[in-house]
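I opened the notebook to look around one chain. I wanted to see what packs against what.

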Amino acid sequence: MTQAEGVIRRRVAPGSTLCTLTRRRPFVIEGIDAQGVVLLLGERRTRTVIPWAVLQDLMVWLATQDWVEVGGRFTVRSEGETVDALLKHEIPRTVANYVAALLVRTDLAETDHGRPLRIRYRS
């Protein structure tokens, strides 16, 4: 079990509703299983798996950075050193704002609530 997995399993429960950090859009933690965290996103509640390996890679990367822009453009490609760019290598969907909210909620990251939205690793 990775560090990110252990913390997330302890701090959020399946069925929990969280909100994105900027637009306060709700999303649901449908489940937490061996594959990763299963989110239900948007009005259609699109089922999206965020694999543990992807979350752990993100945490390792964040630990080497200072404040990082979350990003989150509605395209399958993303540019720059953003959370969105890192996640789109593995998940061809705009999930950065949801993942950022999950990390902040579980105290794995903190936000400055600025524009653009930025997060950093919380040690």
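This is a predicted model: local features need pLDDT of at least 70, side-chain atom pairs count only at pLDDT 80 or more; totals for chains, interfaces and linings use all residues.

**Entry 1**

Next I looked up who meets whom. From H1 come Gln 3, Ala 4, Glu 5, Ile 8 and Arg 9. On the H2 side I found Trp 52, Leu 55, Gln 56 and Met 59. I sorted the residues of this contact by type: five are nonpolar, two polar and two charged.

Which residues of H1 are buried? I listed Ala 4, Glu 5, Gly 6, Val 7 and Ile 8. These buried residues pack against E2, E3 and H4 as well as H2.

**Entry 1: the core**

I turned to the largest nonpolar core, which has 38 residues. Ile 8, Leu 62, Val 83, Leu 103 and Ile 119 touch the most other members. Several elements each supply at least two residues: helix H1 (3-11), strands E2 (26-32) and E3 (36-41), and helices H2 (52-63), H3 (83-88) and H4 (96-105). Which element gives the largest share? It is H4, with eight residues.

I noted a general point here. In soluble globular proteins, nonpolar side chains tend to be buried together.

I then followed Ile 8. Leaving out residues up to four places away in sequence, Ile 8 touches Ile 32, Val 37, Trp 52, Leu 55, Leu 102, Thr 106 and Leu 108. Two of those names, Trp 52 and Leu 55, were already in my list for the H2 side of the helix contact.

**Entry 2: helix H4**

Setting aside neighbours within four places, Leu 87 is in contact with Val 54, Leu 58, Val 95, Ala 96 and Val 99.

**Entry 3: an aromatic pair**

How many aromatic pairs does the structure hold? I found one. Phe 27 and Tyr 98 form this pair, and it is edge-to-face. The centres are 5.1 Å apart, with 80 degrees between the planes. The pair links distant parts of the chain, since Phe 27 sits in strand E2 and Tyr 98 in helix H4, 71 residues apart.

The cut-off I used is under 20%.

I kept one general rule in view. Most residues other than glycine have a negative phi, and most peptide bonds are trans.

Asp 107 has a positive phi, near 65 degrees. Asp 107 follows H4, in the loop between H4 and E6. At 39% relative accessibility, Asp 107 counts as partly exposed.

His 113 also has a positive phi, near 55 degrees. I placed His 113 in the loop between E6 and E7. Its relative accessibility is 59%, so His 113 counts as exposed.

Where is there a cis peptide bond? One joins Arg 115 and Pro 116, with omega about 0 degrees. Pro 116 lies in the loop between strand E6 (109-111) and strand E7 (118-121).

**Entry 4: Thr 22**

My last stop was Thr 22, in the loop between strand E1 (17-19) and E2. Thr 22 is partly exposed, with a relative accessible area of 28%. Not counting residues up to four places away, Thr 22 touches Arg 115 and Leu 117. That Arg 115 is the residue joined to Pro 116 by the cis bond. Thr 22 and Asn 97 are 75 residues apart in sequence, but 8.2 Å apart in space, C-alpha to C-alpha.

Technical notes
Residues are numbered from 1 along each chain as its sequence is written. Side-chain values use heavy atoms; hydrogens and water are left out. A nonpolar core is a set of buried Ala, Val, Leu, Ile, Met, Phe, Trp, Tyr and Cys residues joined through side-chain atoms within 4.5 Å. Buried means under 20% relative accessible area, exposed over 50%, partly exposed in between (1.4 Å probe, protein chains only). Helices (H or I, at least four residues) and strands (E, at least two) are DSSP runs, numbered from the N terminus. Contact means heavy atoms within 4.5 Å. Rings of Phe, Tyr and Trp (its six-membered ring) pair if their centres lie within 6.5 Å; planes under 30 degrees apart count as stacked, over 60 as edge-to-face and the rest as tilted. Ala, Val, Leu, Ile, Met, Phe, Trp, Tyr, Cys and Pro count as nonpolar, Asp, Glu, Lys and Arg as charged, and the others, Gly among them, as polar.
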